[in-house]
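Hi there,

Here is the structure we talked about passing on. Have a look at it first, and then read on for what turned up.

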Amino acid sequence: VLLDRSASMDDALREKGATTPLTDKYAEPKKRKIARAALAEFATGRPHDAIGLMMFSENQFQVMPFNMRPDMIQAAIQAGGVGSGLGNTDVGSALLAAVQTFDDRPDSGSRIIMLVSDGGAQIAPPIRLDIAAGLARNRIALYWIYLRSYNQPALADSDSAEFDNVAEVAMHRYFRSLSTPYRAFEAENQASMQRAIDAVGRQQMLPITYQLQVPRVDRAALCYLIAALAC
């Protein structure tokens, strides 16, 4: 999970036609709160998944490496509500760092990066090449859950020349050009965010192969008993 923690994620997710005054910043749920609630429910429904969490704004930072402990996963997701976001967003470097977390990991089960962000950014050509190569090398599917406010462009308009200079549209076009699986969802409210998360869950249901170390069974008492009987 690659979660945007830029300052815009602290804003309310306002739908088209919203009537609440913008001055009342507490009247509508913040984007990051909506995202955390949906991600927490997603993790709850997949208790045997290995989930990692990375956040980003100007720089990316790993909140939790891949983990299979539900309590730690939930704690990491809730940590996204601490503090305020920063101004700038570097999606390219964050996405490349997320891709690299799959290096040297056993290739078992579904391998996805879920990008949860309310905006896009220009990605430099060298970074684009590295991201594309990394996704193909590690066989990763990319999902972008786009928390879109009413005044932001729709990804459905990405083929229009009118939006050529819009960062979100440029990023969507780049993702569509990848040779690896990609799908985008637009979330304009809590319900559509939940539907997007549910759709990802339905599409990623491959069996997962993993190993667990089990405690040894202490047979000393039985051995002592046999020895005593033998004596």
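**Salt bridges and their surroundings**

In this predicted model, E188 and R148 pair through their side chains in a salt bridge, with an N to O distance of 2.4 Å. E188 sits in the loop between β6 (182-187) and α6 (190-203), while R148 sits in the loop between β5 (141-147) and α5 (167-176), so the pair ties together parts 40 residues apart in sequence. Salt bridges with shared partners also bring in E186, joining R148, E186 and E188 into one network. R148 is buried, at 14% relative accessible area, whereas E188 is partly exposed, at 29%.

The whole structure holds 6 salt bridges. Another one links R137 and D103 (3.2 Å, N to O). Here R137 belongs to helix α4 and D103 to the loop between α3 and β4, so parts 34 residues apart in sequence are tied together. D103 counts as partly exposed because its relative accessibility is 28%.

N138 is part of helix α4 (residues 125-138) and is buried, with a relative accessible area of 8%. Leaving aside residues up to four places away in sequence, N138 touches V99, F102, D103 and R111.

You will also find a salt bridge between D71 and R69 (2.8 Å, N to O). D71 is partly exposed at 45%, and R69 is partly exposed at 46%.

Finally, D107 lies in the loop between α3 (91-100) and β4 (112-117). Its C-alpha atom is 9.5 Å from that of I208, 101 residues away along the chain.

Best wishes

Terms used. Residues numbered from 1 in each chain as written. Predicted model: local features only at pLDDT ≥ 70, side-chain atom pairs only at ≥ 80, totals over all residues. Heavy atoms only, no water. Helix = DSSP H or I, 4+ residues; strand = E, 2+ residues; numbered from the N terminus. Buried < 20%, exposed > 50% of the residue type's maximum accessible area, 1.4 Å probe, protein only. Contact = heavy atoms within 4.5 Å. Salt bridge = Lys/Arg side-chain N within 4 Å of Asp/Glu carboxyl O.
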